[in-house]
Amino acid sequence: MPPAVHVARRADLDWLRVLAFGLLIFYHAGMAWSGWSWHVTSPESLDGLREAMRFLNRWRMPLIFVVSGAAIMLALGDRTLAAFVRDRLKRLLLPLAFGMVVIVPPQVYLERVYRGQVTGSFLEWLPHAFDGIYPKGNLSWHHLWFLAYVLVLTLLLLPVFLWARSPSGQAVVAKAGRIAARLGLQWTMVLPLAASTLWLAPISWNINGLVGDWHGLVSCGALLLYGAFLFGSSDLLRALQRQRLVSLAVGIAAYAILYVGFFAGAVRPTISPEMRPAFALLSAVNVMAWLFAIIGFAHRYLTRRPAFLSEATEAVYPFYLIHQTVTVVAVYWLLKIGAPPVPGFIAAVVATFAGTWLIYAGLVRPWRWIRPLFGMKPAPPGERRSLPRRAAGL
């Protein structure tokens, strides 16, 4: 997720950003043993791990989009339109293009090798890395789909964000937040998400592929706007803080009903057309309840900024870009040597954190000309002086 500019930084937002992307590493490390199809999939699965991932999957990406919506407003600040668009292209489009050319190809290669579709070394395969569009071809953005969605949706919704930062927009947001906090109207945010699941999900195709993903675009766009609204209203944040236990109870109940009524441990549950309205409404209630609870708890308890938080916040975006390639490499070799599921999952998590940190600390963070490729701003002058002469690029 692109870091917001250093204007009115919020500790709760930074905590949520770090924790959400930390969960993403655990999630992707577990995909090989989930029983769901992934880039490299073990023939053995861990049912308990899959159910934990299913629970996380209902709200982990919505949380990231909500936090991103709040970050967009911070990044917008008082910049001109042209300056903001240039910044978004630099922070989103440049890392996306770099990732598709450099970071993602090893994942595609190992998937092809693991499935017996390719033989030979990575260098021998590399000239074919951009032949066709994945999954039939090799060109893909894989886990970097998030960057494409945030970029496109930010530009599409830019008139709304610009209005929201204007004096009249701020007044409307503040008044709407006060009314919503007093009457509990934040729960009406459930309705657009439910409508999208009900009407757009069945006709969507090319999930996470942007074109044709109508449900993904509408729901993610709504969540970006929700983030801007929720974190733009101090009254609503205080209400979510007060009601955090209620939201948590609603989230637990909604997920319990979803699980018993629709999932029940099935690897890939099927939702019948007649049950889709109930599923859509319950899904949306579950998503928003967990988001309200998480934001409420964060606003109550995650208000301090320990020394490591700033560094962790800076590292989040490069970690997101790098981590899945490290995970795929680690899982490929773990499966190749026949690692049992539980030790394999633990080893994948450890290897992903350690490998990503080594790449970030050694190859990304110290180098001034590499940092923009990973969405990072130039190192502050004091920090550059503290680095070795070579690492500072002097």
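In which hand does α1 pass α2 at their crossing, left or right? The close-ups below, taken from a predicted model, start with that pair.

**Close-up 1. Helices α1 and α2 cross in a left-handed fashion.** Here α1 (11–30) meets helix α2 (residues 47–57). Their axes come within 10 Å and cross at roughly 140°. Angles over 145 degrees would count as roughly antiparallel, so at this angle the two helices are oblique to each other.

**Close-up 2. Side by side: the residues that join α1 to α2.** From α1, look for L23, Y27 and G30; they meet L49, M53, L56 and N57 of α2. Sorted by class, this contact has 5 nonpolar and 2 polar residues, and no charged ones.

**Close-up 3. Helix α7 is largely enclosed by the rest of the structure, because 9 of its 12 residues are buried.** The helix runs over residues 145–156. At 1.5 Å a residue it should span 16 Å, and its end C-alpha atoms sit 17 Å apart, so the two agree. The buried set is W145, F146, L147, A148, Y149, V150, L151, L153 and T154.

**Close-up 4. T313 sits in helix α15.** Its relative accessibility is 5%, so T313 counts as buried. Setting aside neighbours within four places in sequence, T313 is in contact with R9, D14, R17 and V18.

Methods
Residues numbered from 1 in each chain as written. Predicted model: local features only at pLDDT ≥ 70, side-chain atom pairs only at ≥ 80, totals over all residues. Heavy atoms only, no water. Helix = DSSP H or I, 4+ residues; strand = E, 2+ residues; numbered from the N terminus. Expected span 1.5 Å × (residues − 1). Buried < 20%, exposed > 50% of the residue type's maximum accessible area, 1.4 Å probe, protein only. Contact = heavy atoms within 4.5 Å. Axes fitted to C-alpha atoms, helices over the stretch in contact; angles between N-to-C directions. Parallel < 35°, antiparallel > 145°, perpendicular 65-115°, else oblique. Left-handed = near helix turned anticlockwise from the far one by under 90°. Nonpolar A, V, L, I, M, F, W, Y, C, P; charged D, E, K, R; others polar.
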